Amino acid sequence: MDVVRRVHIVPLGCEYDRVLEPVERQRADLVYLLEDPSGDVETPTYFDDLHADLEAVVPEVRIRECDLTDVYAVLGEVTTLAAKHGDDQVYVNVSCGGTIPAIGATIACMDVSTDAHAYYVEPAEYAHDGIEEPLSYGLDEMSRIPTYPIESPTPDQVAIMGFLADPASWEGFHDDRTAAPKKKDLIAFARDRELSFMADRRPPEEYPGREDKGAFRVLDTHVLGPLEDDGYVEIEKVGRRRVVTLTERGENAYRAFRHKLEYGE
């Protein structure tokens with residue numbers, strides 16, 4: 001029988017007790033610390049002590065590099081870790097990294113596919129410089145953050161966004177990297193990768209190199225329609241063809257949900 005572990009994910013800013021005390025009280029089995037590798041912000045002097053104290057009370061502590069100034073980077077990292085630990089109990093501390101990490105981590109917990117729980121730690125005392133001393137001390141209260149479920153892109157939709165995002169992957173499907181892929185190229189890619197929405201659609205044997213209208217309807221219904229409605233792709237008519245491009249919003253969504261290519265729903 002698999003053992004269910006208590007996993008905590010903590011975007012790490014200038015805090016100490018707000019990181020340590022919750023995992024100690026809840027007897028965490030594994031802690032992920034999301035640390036910003038940029039070096040743009042001075043590293044607090046007490047981080048080594050915090051790591052040592054965590055390792056003294058938690059069986060395993062892992063460091064993950066993450067751009068804590070980018071909400072999509074935080075969102076993507078948290079959803080990826082939550083998906084990786086889909087059979088465990090996952091808790092996300094949204095009170096230790098600042099505003100941007102808190103937003104990204106909270107949104108990640110809203111994704112219906114993660115089943116992660118966001119919590120906030122109210123300290124006993126505030127007001128320190130954050131570098132020589134933590135921003136706060138003690139723990140007054142822990143509160144679970146209420147979240148409202150959101151529907152994220154399906155694995156098939158994420159796969160198509162990934163194809164659009166990476167011209168290097170177009171080879172063999174769409175060789176002109178100066179122009180956006182056509183719907184026909186997306187269908188060919190979906191067949192090659194055996195994406196589920198094309199599982200029951202076979203290319204017409206009587207017209208080699210052509211696609212039947214049903215394949216285009218399935219692509220529009222299950223992938224492109226929802227992505228276009230969410231603003232993730234744009235579809236433009238060029239001559240008799242329709243080409244598909246990934247928007248900036250779509251690029252950010254792909255970064256946030258590309259874990260689904262490995263972990264699925």
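This is a predicted model: local features need pLDDT of at least 70, side-chain atom pairs count only at pLDDT 80 or more; totals for chains, interfaces and linings use all residues.

Biologist: Where does Gln157 sit, and what does it touch?

Modeller: Gln157 is in helix H5, which covers residues 155-165. Leaving out residues up to four places away in sequence, Gln157 touches His222, Val223, Pro226 and Leu227.

Biologist: Let's zoom out for a second. How many helices and strands are there in the protein?

Modeller: Nine helices and ten strands. The protein has 265 residues, and 47% of them count as buried. The C-alpha trace spans about 70 × 45 × 30 Å along its principal axes.

Biologist: And what share of the contacts join residues at least 24 apart?

Modeller: 65%, taken among contacts between residues at least 6 apart in sequence.

Biologist: Back to H5. At what angle do H5 and H6 pack?

Modeller: About 120 degrees, with the axes of H5 and H6 11 Å apart; H6 is residues 183-192. That angle makes H5 oblique to H6. The crossing of the two helices is right-handed.

Biologist: Which residues of H5 and H6 meet there?

Modeller: From H5 you have Ala159, Ile160, Phe163 and Leu164, and they meet Asp185, Leu186 and Phe189 of H6. By class, the contact of H5 with H6 has six nonpolar residues, no polar ones and one charged residue.

Biologist: How many aromatic pairs does the structure hold?

Modeller: Six. One of them is Tyr46 with Phe47: the ring centres are 5.8 Å apart and the planes are at 75 degrees, so that pair is edge-to-face. Tyr46 is buried at 6% relative accessibility, and Phe47 is buried too, at 12%.

Biologist: And why do you call the pair of Phe163 and Trp170 tilted?

Modeller: The planes of Phe163 and Trp170 are at 50 degrees, which falls between the 30 degree limit for stacked and the 60 degree limit for edge-to-face, so the pair is tilted. Their ring centres are 6.4 Å apart. Phe163 is buried, at 1% relative accessibility, and Trp170 is buried as well, at 6%.

Biologist: Switching topic: H1. Why do you say H1 is largely enclosed by the rest of the structure?

Modeller: Seven of the nine residues of H1, residues 17-25, are buried, so the helix is largely enclosed by the rest of the structure. The buried ones are Asp17, Arg18, Val19, Leu20, Glu21, Pro22 and Val23.

Biologist: What follows H1?

Modeller: Arg27, with a positive phi near 55 degrees. Arg27 is in the loop between H1 and strand E2, residues 30-35. At 64% relative accessibility, Arg27 counts as exposed.

Biologist: What about phi of Asp115?

Modeller: Phi of Asp115 is also positive, near 55 degrees, in a residue other than glycine. Asp115 lies in the loop between helix H4, residues 99-110, and E5. Asp115 is exposed, with a relative accessible area of 54%.

Biologist: Last one, Pro123. Where does Pro123 lie, and is it buried or exposed?

Modeller: Pro123 lies in the loop between strand E5, residues 116-122, and strand E6, residues 125-126. At 4% relative accessibility, Pro123 counts as buried.

Biologist: What does Pro123 touch?

Modeller: Not counting residues up to four places away in sequence, Pro123 touches Arg18, Ser136, Tyr137, Gly138, Leu139 and Asp140. Arg18 is one of the buried residues of H1.

Biologist: And how far is Pro123 from Ser113?

Modeller: Their C-alpha atoms are separated by 31 Å, and Pro123 and Ser113 are ten residues apart along the chain.

Terms used
Residues are numbered from 1 along each chain as its sequence is written. Side-chain values use heavy atoms; hydrogens and water are left out. Rings of Phe, Tyr and Trp (its six-membered ring) pair if their centres lie within 6.5 Å; planes under 30 degrees apart count as stacked, over 60 as edge-to-face and the rest as tilted. Buried means under 20% relative accessible area, exposed over 50%, partly exposed in between (1.4 Å probe, protein chains only). Helices (H or I, at least four residues) and strands (E, at least two) are DSSP runs, numbered from the N terminus. Contact means heavy atoms within 4.5 Å. Axes are lines fitted to C-alpha atoms, for helices over the stretch in contact, and angles run from 0 to 180 degrees between N-to-C directions. Angles under 35 degrees count as roughly parallel, over 145 as roughly antiparallel, 65 to 115 as roughly perpendicular and the rest as oblique. A crossing is left-handed if the near helix is turned anticlockwise from the far one by less than a right angle, and right-handed if clockwise. Ala, Val, Leu, Ile, Met, Phe, Trp, Tyr, Cys and Pro count as nonpolar, Asp, Glu, Lys and Arg as charged, and the others, Gly among them, as polar.
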